[in-house]
Amino acid sequence: MQSCLVDILEEAPVEARDLYQQYSLDEEINRIAYHYEVEPEFFRIVTGGEWNNYSCSMWEEGFTLTQAQEKKLDEFARMMGLKKGMRILDVGCGWGGPLVYLCKKYGVEGHGITISPMAIPIAEERAKKHNVNATFEVVHWKNLRAQEQFDCVYSDEVVVHFNDLGGFFKKAHQLLKPGGMMVNKELHFRHSKHKHAMDKLSQHINKVYAYTGNYRTLSDELKLVDSNDFQLEEVLDIPISDYKKTISNCWLKQLNDNRSKLERMTNKKHVQDFKLYLKGICRIFSADVFGLHIVASRKA
Ligand SMILES: C[S@@+](CC[C@H](N)C(=O)[O-])C[C@H]1O[C@@H](n2cnc3c(N)ncnc32)[C@H](O)[C@@H]1O
């Protein structure tokens, strides 16, 4: 399997480009569209489970994918200290599954934002089906009105796409009520040297992300927590084996089981590139380059 992956990458060489490209807001929206603006059914099938998380789930022996998705979301709820009636913001809400689950289970009121318009009708339909108080909006976080209106702001594997993470923490601080919680989950390089060690595989992955893969170290993120006047409350380390399991046992399996259907929705090359990207991430995980953390901090 290894040589097959490398052969395909050799056939489709990608340019060497650095992480952390500077781009305008319009350019960022276009780049994000490249990865996310495909038939929502494509992502529904690949991500699977009841809540279609396009992010790592947390596993325990015997769990189904839905249970693993819910366990991760329950961790978010615990770290945010969710209580009935709170108002929460999901930045990068995907197809609405995570926010709808949290609103339903914890009785909170939610707002989800994304810059991928095709996801909105799916998210709204889901909120209606589960009869929860959740609204969705296509807006870049930079364009949200800065008002202290939320008890919690959270984000699950989204900030990798932001080339201005400091600006995001600053905005989250403005959006939160005094004492409000900011909870962010993301992959982090285990060492800053990995930032500049882009091999062909990581270039392919970044290409699939339209060069919006701004991976950082955990210490980069923690410095921004502090400099934007958040008090660090907790860092939860999620074993990278949970991510391998999410991708190999679920996303790759669901992609393989539905390959022709998915090819009809997009095209053969798209599905092949997507498969390579998923396999590539697993390969990089095996090289111990990334850690996965949820960082919880309180508006000081
Ligand atoms: C990897 S998906 C994660 C989705 C969801 N958080 C989950 O766990 O299932 C990344 C999401 O971030 C959104 N996104 C990317 N850049 C964004 C931005 N600048 N503002 C708001 N959403 C953004 C994408 O549209 C997509 O929905």
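Which helix does K244 lie in? K244 is in α10, the helix that runs over residues 240-257. Before I go on, note that this is a predicted model.

F285 is 41 residues away from K244 in sequence, while the C-alpha atoms of K244 and F285 are 7.3 Å apart in space.

The ligand sits in the largest cavity. Two elements, α2 (25-36) and β2 (109-114), each give two or more residues to the shell around the ligand. Helix α2 supplies the largest share of that shell, with three residues.

In total, 20 residues surround the ligand. Y54, S55, G92, T114 and S116 are the closest. Sorted by class, the shell has nine nonpolar residues, eight polar ones and three charged ones.

At Y54, a backbone N or O atom is 2.8 Å from an oxygen atom of the ligand. At G94, a polar backbone atom is 3.2 Å from a ligand oxygen atom. H140 uses its side chain: a polar atom there lies 3.2 Å from a nitrogen atom of the ligand.

How much of the ligand's accessible area does the protein cover? On its own, the ligand has 600 Å² of accessible area, and the protein covers 99% of that.

Methods
Residues are numbered from 1 along each chain as its sequence is written. This is a predicted model: local features need pLDDT of at least 70, side-chain atom pairs count only at pLDDT 80 or more; totals for chains, interfaces and linings use all residues. Side-chain values use heavy atoms; hydrogens and water are left out. A residue is near a molecule or strand if one of its heavy atoms lies within 4 Å of it. A polar contact is a pair of N or O atoms within 3.5 Å; within protein, one must be able to donate a hydrogen and the other to accept it, and residues adjacent in sequence count only if both atoms are side-chain atoms. Accessible areas come from the Shrake-Rupley method with a 1.4 Å probe; for residues, only the protein chains shown count as cover. On a 1 Å grid over the protein atoms alone, a cavity is a set of points where a 1.4 Å probe fits but cannot get out, and a pocket is an open set with protein on both sides within 12 Å along at least five of seven lines; lining residues have an atom within 4 Å of a point. A molecule sits in a cavity or pocket if more than half of its atoms lie within 2 Å of its grid points. Helices (H or I, at least four residues) and strands (E, at least two) are DSSP runs, numbered from the N terminus. Ala, Val, Leu, Ile, Met, Phe, Trp, Tyr, Cys and Pro count as nonpolar, Asp, Glu, Lys and Arg as charged, and the others, Gly among them, as polar.
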